[in-house]
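This briefing covers a metal site and a helix pair. The sequence and structure are shown first, and the notes follow by topic.

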Amino acid sequence: MAQEKQSADSVESPRFYEIAWDLYHSYENFKEKSLTNRRFKHSDIVLLIEQLKNKKNFKVDKVGNSVEGRDIYLISMGSGKTKVFLWSQMHGDEPTATAALFDMFNFFSNDNAFPDLKKLILTNLSIYIIPMVNPDGAEGFQRRNIVEIDLNRDVLRMQTPEAKILKEVFDSLKADFGFNLHDQGREYSAGNSFNPASISFLAPAPDYEKSLTTPREKAMKLIGNMVTVLNEFIPGHIAKYSDDYEPRAFGDNFTKWGTGVVLLESGGWRGDREKQFLRKINYIALLSAFHSIANESYTNTDLSIYESIPQNEELMMDVILRNLTIQKDSADYVIDIGINFEEININDSKDFYLRSEIEDIGDLSVFAGYEEFDLSGYTVEPGETKPEPYHSLNELEKINPAQLYNDGYTSVIMNNDNFQGEYSNLPFNIFFNSKIIPEAKIKPEEASNFIIRKNNEVKYAVVNGFLIDIEKVDSWNGNSIVYSK
Ligand SMILES: [Zn+2]
């Protein structure tokens, strides 16, 4: 009997993989080209939602307003008996899935491609989507809403309009499946695999006992199918989010109230800080999930797939400089230096700059870096600040960085406060006040500015966490820090 139930399109069948690969290869035809990075705003998606109103497969409803009055929309499609509810970006700085949802809307708007898959999905499912639950947070690219409440901790008090909207729509649908779409930090790894946890899943627990209720089991099986598909594209980069029960969170409560909830977190991917590859993976994951629900292939999936997903661990750093030698009182010590970057939003723009911090020093062999450099045989010392000040931007632009590094400096002083901003694209840091220059040291939580030598000759500088080859300073495309207070 079990054998017969494995229809032609079950997740084990070649056809299922074929469709997923076709989605992968044809993605560029559907990608929403107006969304190019993570810091798009509510106004960007409103334009796209307005266009959906005129398309035949979609129904668009306004379901309420954020604290600052931005419209929150529910977009529906399909006419099947199984209800699927998706919501994205309840945390304003977690937009990867939102972009993928608009790619998916383009997929369903197109009359020609994938007719069988679309028909299967739209006749068996009714799909309801709130993209960008937290538009005020998205405006400033911050996690919380505008009154600094984390919407995903507001289920009990239910104070924010955004959380109320999400709950009201949930109550009106009583959906069979829910997709809770988030981004997670880049520090998460897939177990101890040295790979980022690029996509993490969870079927949230409905109680402290982590009971295996029917809706939760259904979500686990569906996740099993999604993992099987994604293993084609990102093997070794899939993890499981902590299943600790959180009574104030939506996913946990929606599970308790009878919906099979899939938490999907987009994490890091090497060379993809803007997560445009992971956006494509979201698109494939969601369409494959609809496929599994529509043909009920998930029902045959073994729970062991879910159980064997490695846990999220925090073993990733942005940069690891390995095997450097540091000298103290004529003794040598070999150290790795782990560096993380914080993204700082640039006011009223869709851009950001990076500020580095030393995360850890010593034996970092259990960690992995998004970027790693083996510096065996090189010595490291703190980058100093050149004491003689400069007086104009023009003077700064004439500095020969290689000469500066050769003299042991990674920062300069400027005696002219006509310069605006907190960062610069010059390959050295700038202090506007010599009184605020900290003592240069290589120490956790300090900025990462170093001089790196081989046989006493300067070969590299590290400026604000960016490794610069002294022979190739012109190819620098990082940012340094401007300290003005
Ligand atoms: Zn989140």
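In this predicted model, a zinc ion is held by H91 through ND1, by E94 through two OE contacts and by H182 through ND1.

**Zinc site**

- The angles subtended by the four donor atoms range from 54 to 150°, so the arrangement around the zinc ion is irregular. A tetrahedral call would need all angles to lie between 85 and 135 degrees.
- Along the chain, the zinc donors follow the spacing H-x2-E-x87-H.
- Distant parts of the chain are linked by the pair E94 and H182, which are 88 residues apart. E94 lies in the loop between β3 (82-88) and α4 (96-109), while H182 belongs to strand β5 (residues 177-183).

**Helices α8 and α10**

- Helix α8 (residues 214-230) and helix α10 (residues 276-294) have axes that come within 9 Å and cross at roughly 130°. That angle makes α8 oblique to α10.
- The crossing of α8 past α10 is right-handed.
- On the α8 side, the contacts are made by L222, N225, M226, V229 and L230. Their partners in α10 are I281, I284, A285, S288, A289, S292 and I293.

Notes. Residues numbered from 1 in each chain as written. Predicted model: local features only at pLDDT ≥ 70, side-chain atom pairs only at ≥ 80, totals over all residues. Heavy atoms only, no water. Donors = N, O, S within 2.8 Å, 3.2 Å for Na, K, Ca; no water. Tetrahedral: all angles 85-135°; square planar, octahedral: opposite > 155°, others 65-115°. Helix = DSSP H or I, 4+ residues; strand = E, 2+ residues; numbered from the N terminus. Axes fitted to C-alpha atoms, helices over the stretch in contact; angles between N-to-C directions. Parallel < 35°, antiparallel > 145°, perpendicular 65-115°, else oblique. Left-handed = near helix turned anticlockwise from the far one by under 90°. Contact = heavy atoms within 4.5 Å.
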